[in-house]
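Okay, everyone, thanks for coming.

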Amino acid sequence: MCISGVCAFYSIEEGINFARMIGVTMFKLLFVLPSALFFALMPQQPATPDKPMPADAATLVNPVKSTPESQAHAKTVYEMDCAMCHGTKGNGKGDLVADMHLTMKDLTDPATLKDMSDGQIFYIIKNGKGQMPAEGDRSKDDGIWNMVIYVRSLEKK
Ligand code: HEC
């Protein structure tokens, strides 16, 4: 018999029933908890709602001049934040491509970025596009402009 959670057992049978009830609850928890955890920890879809690029984004002029230091920094950031999809050399063969079913272009092919302005590339890196996450929260604008120079330098001359 239980009164507000405090149980006294009048018989062995009642005790056994109570133990069984607790057992069943624990047993159920064993299944419910991991699946709840799984859903809680499931990777979120990158939050990149594809809003159309504002017309003036494309006409922005790159305000930074590249230096060996800024390009060395861009390379480090690229290898951390971009290479897993675009590939270390930019060939579009990063480790995540198969798992995420990505369709990648080859940044080492001069044709890939030929018709994109610096402003367009800046906008994509800053805001993300489709399955590509935004870099905007992690890098300052100057860093992103240096990244534009860096991704252009990946093409095979
Ligand atoms: C999760 C994988 C992923 C990561 C990480 C990623 N990208 Fe992308 N990127 C993509 C995909 C997919 C596209 C094509 C998007 C589209 O057109 O829908 C793309 C497009 C681009 C484009 C436009 C040209 C093209 O290839 O379509 C540039 C430039 C670019 N990414 C640079 C970067 C840079 C720089 C970083 C790191 C700061 C980065 N990306 C991180 C997946 C990724």
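So, is His-101 buried or exposed? Just keep in mind as you look that this is a predicted model. His-101 turns out to be exposed, because there are 8 other C-beta atoms within 10 Å, and the cut-off for exposed is 12 or fewer. As for where to find it, His-101 is in the loop that runs between α4 (96–100) and α5 (110–114). Have a look at the backbone there too: phi of His-101 is near 50 degrees, so to speak on the positive side, and this is a residue other than glycine.

Okay, on to a helix pair. The axes of α6 (residues 118–127) and α7 (residues 141–152) come within 9 Å, with a crossing angle of roughly 115 degrees. That makes α6 roughly perpendicular to α7, and the crossing is right-handed. On the α6 side, you've got Asp-118, Ile-121, Phe-122, Ile-125 and Lys-126. They meet Ile-144, Trp-145, Met-147, Val-148 and Val-151 from α7. By class, that contact has eight nonpolar residues, two charged and no polar ones.

Last stop, the ligand. How many residues surround it? There are 23, and the closest are Cys-82, Cys-85, Lys-105, Gly-130 and Met-132. The shell around the ligand splits into 15 nonpolar, four polar and four charged residues.

Technical notes: Residues numbered from 1 in each chain as written. Predicted model: local features only at pLDDT ≥ 70, side-chain atom pairs only at ≥ 80, totals over all residues. Axes fitted to C-alpha atoms, helices over the stretch in contact; angles between N-to-C directions. Helix = DSSP H or I, 4+ residues; strand = E, 2+ residues; numbered from the N terminus. Parallel < 35°, antiparallel > 145°, perpendicular 65-115°, else oblique. Left-handed = near helix turned anticlockwise from the far one by under 90°. Contact = placed C-beta atoms within 7 Å. Nonpolar A, V, L, I, M, F, W, Y, C, P; charged D, E, K, R; others polar. Near = placed C-beta within 6 Å. Buried ≥ 20, exposed ≤ 12 C-beta atoms within 10 Å, placed from the backbone.
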